[in-house]
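Dear colleague,

I am passing on the structure below, together with notes on what turned up when I went through it. Please read the notes with the coordinates open beside you.

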Amino acid sequence: MEPHNVTDHQQHAPAQDATLTAEGYKKTLTRRHVQMIAMGGAIGVGLFMGAGGRLASTGPALIFSYALAGVIAYFLMRALGELIMYRHSSGSFVSYAGELFGSKGAYVSGWMYVLNWVMTGIAELIAIGLYFTYFFPGVPVEAAALCALGLLVAVNLFSAKAFAEFEFWASFLKVAAIVLFLLIGIYLVATNAQVGDGHAAVGNLFASEGGMFPRGVLISILVLNAVIFAYNGIELVGITAGEMEDPVKEVPAAIRAVVVRIVVFYVGSVTLLAMLLPWNQFKAGESPFVTVFDQLGWGWIGGVMNFVVITAALSSCNSGLYSIGRIFRAMANNGHAPAWLTKMNKRHVPYAAIWAIAAVYVVGVMLNIWLGGTYAFDLALNTASIGVLFTWAAIFGCQIMLRRKKGKISALPMAGSPYTSWAGLAALAIITVLIGFDTMTGQDGEVFHLGLYTIACIPVIAVGLWIGWRKVRHNKPNSELYA
């Protein structure tokens, strides 16, 4: 039984067309696309912008936070890899949750992922607007953000390959910038170069009272929810699997390589940042990379890094439009979202779902006028972390249930299962509890209790999910592919 919502183009396509998936998508993504999407999707403003404020509030201990989050991310990707190799689906973990936990599992995991990327996309767009004012101070933040959104919507509506090409080159620029920074940073530390009023040195990690833990040991744990957000997007490889030319070969390569590279980029970058400048010279709302180069007197490189930050935010938001488009369509086919979201165009793109998420982004960007740029960015980022934690928990949970129900049948089994997945779930549960204690230091030294806001959102989200489930629980899937 095929989905009821196929376009005229799909209806007249040969049933045996090997270039189309069972869900109606075009197999156009190659290995180079998948590798860079997997890396680039997880390298966004969480590192390029958010790390500055976190260094200011945490100190060098942030290194351990990124390392610990990297270990969780590694287990996550191994769990996701086992699921992907069991069955390739653009519905990714939403599809797996439906099969392994039933309709309610698909409903909750789908809407929590939507929450994740709705808030992430808003944060990215606000970041684009804020950083665009660096080059054009007279342009309103909202105007720049909406123009960026228009560009990304056009790219995503054209084709999956257009999305992949845009993401490949944007990710290439981000990765190149980080590699260049790592090389420059290592050279500056090795030569004990002057940076601002001090010198680059390993000793900067221990220079302040309290050494690497100037705010205390606990703070490095309390900021894990924000650090986990920085790794958000690493799960995109699961969604792109449904449109890969050869997922059997591409998925294992991406899974094995991407986590190590991302952890090196994140942990390496934060370690060098803390060596180049004392931690208390970084601040929220400014890229830590820009801070370092400004202190070096290399203002022009600071300008280049601001451009990279804009590219990073564009890339991450681009990934959000792509992933939500596919997840929204899977949810609609499950009967958990409006049926019109299943519509696809002749290029096999779920255009209705992309337009829907774009409309939500517009509303979020306009709220920036009321809340103010920095506050809106921080609130969106922290709320998104709830969706990230739940999404990761859903992936671990699906891997456990896959083994329990079907045994070790995947071509890419997770090492140490089920204990590694249970460890991942336990870590995420601890991070969720500790969210309530999370704070962030603003540019004027004021302390924001972001964790309390985040915890307050959880019961509101739960009530919203319960009300929604009462309305859709009797809906039947539009296709046996999503049953």
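At what angle do helix α6 and helix α7 pack, and how far apart are their axes? In this predicted model, helix α6, which covers residues 92-101, packs against helix α7, residues 103-135, at an angle of about 155°, and their axes are 6 Å apart. An angle over 145 degrees counts as roughly antiparallel, so α6 is roughly antiparallel to α7. The crossing of these two helices, α6 and α7, is right-handed. On the α6 side the residues that meet α7 are Phe93, Val94, Ala97, Gly98 and Phe101, and their partners in α7 are Ser103, Gly105, Ala106, Ser109, Gly110 and Tyr113. Sorted by class, the contact of α6 with α7 holds six nonpolar and five polar residues, with no charged ones.

Helix α6 also packs with helix α5 (residues 62-86), here at an angle of about 75° and with the axes 11 Å apart, and α5 and α6 are therefore roughly perpendicular to each other. This contact is formed by Leu80, Leu83, Ile84 and Tyr86 from α5, together with Ser92, Tyr96, Glu99 and Leu100 from α6. By class, the contact of α5 with α6 has six nonpolar residues, one polar and one charged.

Helix α8 takes in residues 141-158, 18 residues in total, and reaches 26 Å from its first C-alpha to its last, which is close to the 26 Å expected at 1.5 Å a residue. Among the residues of α8 that are buried are Val141, Glu142, Ala144, Ala145, Ala148 and Leu149, and the buried set also includes Leu152, Val155 and Asn156. For α9, the 31 residues should span 45 Å at 1.5 Å a residue, and the end C-alpha atoms lie 44 Å apart, which agrees.

Helices α8 and α9 pack at an angle of about 130°, with 5 Å between their axes, and that makes α8 oblique to α9. Leu151, Leu152, Val155, Asn156 and Phe158 of α8 make the contact with Ala162, Phe163 and Phe166 of α9. The contact of α8 with α9 divides into seven nonpolar residues, one polar and no charged.

Some backbone details deserve a separate check, given that most residues other than glycine have a negative phi, and most peptide bonds are trans. Just after α9, Asn192 takes a positive phi of about 55°, although Asn192 is not a glycine. Asn192 sits in the loop between α9 (160-190) and β1 (194-195), and at 39% relative accessibility this residue counts as partly exposed. His348 likewise has a positive phi, near 65°, in a residue other than glycine; His348 belongs to the loop between α15 and α16 and, at 5% relative accessibility, counts as buried. The peptide bond from Ser417 to Pro418 is cis, with omega near 5°, and Pro418 lies in the loop between α17 (373-406) and α18 (419-434).

What does His336 contact, leaving aside its neighbours within four places in sequence? With those neighbours set aside, the contacts of His336 are Ser103, Ala106, Tyr107, Trp111, Met331, Trp469 and Val472. His336 lies in the loop between α15 (299-334) and α16 (351-371), and it counts as buried, with 3% relative accessibility. Between His336 and His474 the separation is 138 residues in sequence, while their C-alpha atoms are 9.6 Å apart in space. Ser103 and Ala106, listed here as contacts of His336, are also among the residues of α7 that α6 meets.

Finally, for the chain as a whole, the protein has 19 helices and four strands, and 61% of its 483 residues count as buried. Among contacts in the protein chain with a separation of 6 or more, 80% come from residues 24 or more positions apart.

Conventions: Residues are numbered from 1 along each chain as its sequence is written. This is a predicted model: local features need pLDDT of at least 70, side-chain atom pairs count only at pLDDT 80 or more; totals for chains, interfaces and linings use all residues. Side-chain values use heavy atoms; hydrogens and water are left out. Axes are lines fitted to C-alpha atoms, for helices over the stretch in contact, and angles run from 0 to 180 degrees between N-to-C directions. Angles under 35 degrees count as roughly parallel, over 145 as roughly antiparallel, 65 to 115 as roughly perpendicular and the rest as oblique. A crossing is left-handed if the near helix is turned anticlockwise from the far one by less than a right angle, and right-handed if clockwise. Contact means heavy atoms within 4.5 Å. Ala, Val, Leu, Ile, Met, Phe, Trp, Tyr, Cys and Pro count as nonpolar, Asp, Glu, Lys and Arg as charged, and the others, Gly among them, as polar. The expected span of a helix is 1.5 Å times one less than its number of residues. Buried means under 20% relative accessible area, exposed over 50%, partly exposed in between (1.4 Å probe, protein chains only).
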